[in-house]
Amino acid sequence: MGQVLGCVQVVQSKVAIKETFGKFDDVLQPGCHCLPWCLGSQVAGHLTLRVQQLDVRCETKTKDNVFVTVVASIQYRALAEHAQDAFYKLSNTREQIQAYVFDVIRASVPKLDLDSTFEQKNEIAKVVENELEKAMSAYGYEIVQTLIVDIEPDDRVKRAMNEINAAARMRVAANEKAEAEKILQIKRAEGDAESKYLAGLGIARQRQAIVDGLRDSVIAFSVNVPGTSSKDVMDMILVTQYFDTMKEIGASSKSNSVFIPHGPGAVGDIATQIRDGLLQANTSLE
């Protein structure tokens, strides 16, 4: 009804292109406008001023010959003051932007290896934005933002990268584990050495106490029993210890001890050996 009466309405965030007898006449802002159709005025079309987004997937090759798919997100909008250029100069804005993105990405990524491509995503996006800004400003469009949202290598390349990363982490873990085991072995060896050192001190003190005790016993027995020599006292002590030892061995049903040589007649030989050893130890201590 409005067009019959020569009235048109332009909604917010849009502009309308007015033509008179097929020639551009004016840009109609949001609101109600009178277009006398009888005078050849008409609306050729509408142009949105909202920010639009275009996602572009571009397959290319890196410097180290790895094929990747780069996903770029382009945010753009038409400028109200250049609405005439935006409406008339481009027949397909999205295809034009996509062509520029392809050109820039395929010129930039082949200069970088795969790792650098991931590291320099922002630099690639900046180059794409600058080139688009220079190209699209002539057509009445503004590039609001350009983002490289994803870089997708081939699946086999991704698996290989994951395996390399996993192997590196396993190598680090193995080194840490070996270092920990080394520290444990060193600490264990230090503890064992300290334990043996203290055990040696204990044995030395025990033997010193035995020698002192035997010496005191021999002296006391010789004083209290006149006419006995130290040899007689040592023989008696050894015979007593011999029978005490045999008694302890026989008292245990699960004993696996073997006492060689066996028999009372062999005590003399054992006594001589022990006495000589004790006398030598006593002489060295004095």
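Is Thr146 buried or exposed? The answer is taken up below, once the setting of this residue has been described.

The structure is a predicted model, in which local features need pLDDT of at least 70 and side-chain atom pairs count only at pLDDT 80 or more, while totals for chains, interfaces and linings use all residues. Residues are numbered from 1 along each chain as its sequence is written, and side-chain values use heavy atoms, with hydrogens and water left out.

The chain contains 7 helices and 8 strands; helices (H or I, at least four residues) and strands (E, at least two) are DSSP runs numbered from the N terminus. Of its 286 residues, 26% are buried, where buried means under 20% relative accessible area, exposed over 50%, and partly exposed in between (1.4 Å probe, protein chains only). Among the contacts (heavy atoms within 4.5 Å) with a separation of 6 or more, 63% involve residues 24 or more positions apart.

Three strands form an open sheet in the order β6-β7-β8, with antiparallel pairing. Its edge strands, β6 (52–61) and β8 (141–153), each pair on one side only. On average, neighbouring strands of this sheet are turned by 20° against each other, direction ignored. In general, strands of a sheet pair through backbone hydrogen bonds, either parallel or antiparallel. Here, β6 and strand β7 (residues 67–78) pair in the antiparallel sense over 10 bridges; two strands count as paired if DSSP finds at least two bridges between them. Within this pairing, Gln53 stands opposite Gln75 in β7.

Helix α2 (residues 93–108) packs on the sheet, touching β6, β7 and β8, and its direction makes about 35° with that of β6. Helix α4 (residues 121–136) also packs on the sheet, where it touches β7 and β8; its direction makes about 145° with that of β8. Such angles run from 0 to 180 degrees between N-to-C directions, with axes being lines fitted to C-alpha atoms, for helices over the stretch in contact.

Thr146 lies in strand β8. This residue counts as buried because its relative accessibility is 2%. Leaving aside neighbours within four places in sequence, Thr146 is in contact with Ser73, Ile74, Ala125, Val128, Glu129 and Leu132.
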